Amino acid sequence: MDIGMIGLGRMGANMAERLLRGGHRVVAHDRNPAAVQQVVEKGAVSADSLPALIEQLPPPRAIWLMVPSGNPVDQTIQALTPHLTPDDVVVDGGNSNYKDTLRRAEMLKGRGIHFVDVGTSGGIWGLAEGYSLMVGGNPEAVARLKPIFQTLAPAPDKGWGHVGPSGAGHFVKMIHNGIEYGLMEAYAEGFALLKRKSDLKLDLHQIAELWRYGSVIRSWLLDLIAKALGENPDLGGIKPYVEDSGEGRWTVAEAIDLDVSTPVITLSLLRRLRSREEESFADRLLAMMRYQFGGHRLKKEE
């Protein structure tokens, strides 16, 4: 099957390569010519502009976007739309807000163009392991793209599914990422406790490895923890600064809108935000309050 790929960051490039390995024809475009060249070397066809990409795809076309969420998606769709024809399919495989997806789907529907949202999980490991694909959109468009999903997924019948109408794919991926926040925070806190118990001289890499087999907390995240601790036991040189893609924030906001209690996910998000405060005014104020009401010792900066 022919497919256009727009956006060849690391994940987009890996997805293009997996499609090429699966026998699909990929027409690739990115603002960075070097990124295009890398996938051309894997067998993709180069397109130096969006019109050139459209011209090299037989209608009805399938065009997969892997660009940053927000304005870049809107700008790409706006630039594509004049060149598309009815029954073409535009796929957003990035981490877009599902509310934006609903708006975009409705706008393209008016032009006879299908919009499919694919929440994509797998990160940099997707090329080798396959991607988990949470697909939203109308059944006709999703069915047409089935060979693409079967190639990108870990197996043709595993790791992908049509979860609902437009917006459903990105909504499910948003909740997926919220759960991910909670799991990561629990692992981080547990290993921090293990490390703090210095008198037992615990080997954190050994513990991570033994938990990987038979334990009820075994997971791919634990596999990654074990790998990281094996390479760098003290995590030296790593700054304790944790980014977020925005999906955790959207999950918490949605929980508030739906009156659903999500304390673990919410606190996990707040912990990420706290990690970015190199000099926490809140902690300074807490220390000062303890001193003011209880005379507790203040530690002064040197």
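A crossover is called right-handed if, with the strands pointing away from the viewer, the path from the first strand over the helix to the second runs clockwise.

## Before you start

This is a predicted model, in which local features need pLDDT of at least 70 and side-chain atom pairs count only at pLDDT 80 or more, while totals for chains, interfaces and linings use all residues. Residues are numbered from 1 along each chain as its sequence is written, and side-chain values use heavy atoms, with hydrogens and water left out.

## The chain as a whole

The chain holds 14 helices and eight strands. These are DSSP runs numbered from the N terminus, with helices being H or I of at least four residues and strands being E of at least two. Along the principal axes, the C-alpha atoms fill a box of roughly 75 × 40 × 35 Å.

Of the 302 residues, 41% are buried. Here buried means under 20% relative accessible area, exposed means over 50%, and partly exposed lies in between (1.4 Å probe, protein chains only). The accessible surface of the chain is about 16,900 Å², and carbon and sulfur atoms account for 57% of that; the areas come from the Shrake-Rupley method with a 1.4 Å probe, and for residues only the protein chains shown count as cover. Among contacts between residues at least 6 apart in sequence, 65% join residues at least 24 apart, where contact means heavy atoms within 4.5 Å.

## The sheet and its edges

Now to the sheet. Eight strands form an open sheet in the order β3-β2-β1-β4-β5-β6-β7-β8, and the pairing is mixed. The edges are held by β3 (45-46) and β8 (160-164), and each has a single partner strand, so one side of each is left without a neighbour in the sheet. Two strands count as paired if DSSP finds at least two bridges between them. Strands of a sheet pair through backbone hydrogen bonds, either parallel or antiparallel.

Val 135 stands opposite His 162 in β8.

With strand β1 (residues 2-6), β4 pairs in the parallel sense over three bridges, and Ile 63 is the bridge partner of Gly 4. Strand β5 (residues 89-92) also runs parallel to β4, joined by four bridges, with Val 89 of β5 opposite Ala 62. From β4 the chain crosses through helix α4 (residues 71-80) to β5, and this β-α-β crossover is right-handed.

Strand β6 (residues 114-121) is mostly covered, with eight of its eight residues buried. His 114, Val 116, Val 118 and Thr 120 point one way, and Phe 115, Asp 117, Gly 119 and Ser 121 point the other. On the β5 side the pairing is parallel over four bridges, and Asp 92 stands opposite Asp 117 of β6. With β7 the pairing is antiparallel over five bridges, and Gly 119 faces Met 134 of β7.

## Two buried residues

Leu 8 lies in the loop between β1 and α1 (10-21) and is buried, with a relative accessible area of 6%. Leaving aside residues up to four places away in sequence, Leu 8 touches Ala 13, Ala 16, Ala 28, His 29, Asp 30, Ala 35, Val 36 and Val 39. Leu 8 and His 29 are 21 residues apart in sequence and 7.4 Å apart in space, C-alpha to C-alpha.

Ser 268 sits in helix α13 (residues 263-274) and is buried at 3% relative accessible area. With residues up to four places away in sequence not counted, Ser 268 touches Tyr 181, Gly 182 and Glu 185.

## Backbone spots to look at

Most residues other than glycine have a negative phi, and most peptide bonds are trans. A cis peptide bond joins Pro 59 and Pro 60, with omega about -5°; Pro 60 is in the loop between α3 (50-55) and β4.

Asp 87, in the loop between α4 and β5, has a positive phi near 85° and is partly exposed at 28% relative accessibility. Leu 235 has a positive phi of about 55°. Leu 235 is found in the loop between α11 (220-231) and α12 (247-257) and counts as partly exposed at 39% relative accessibility.
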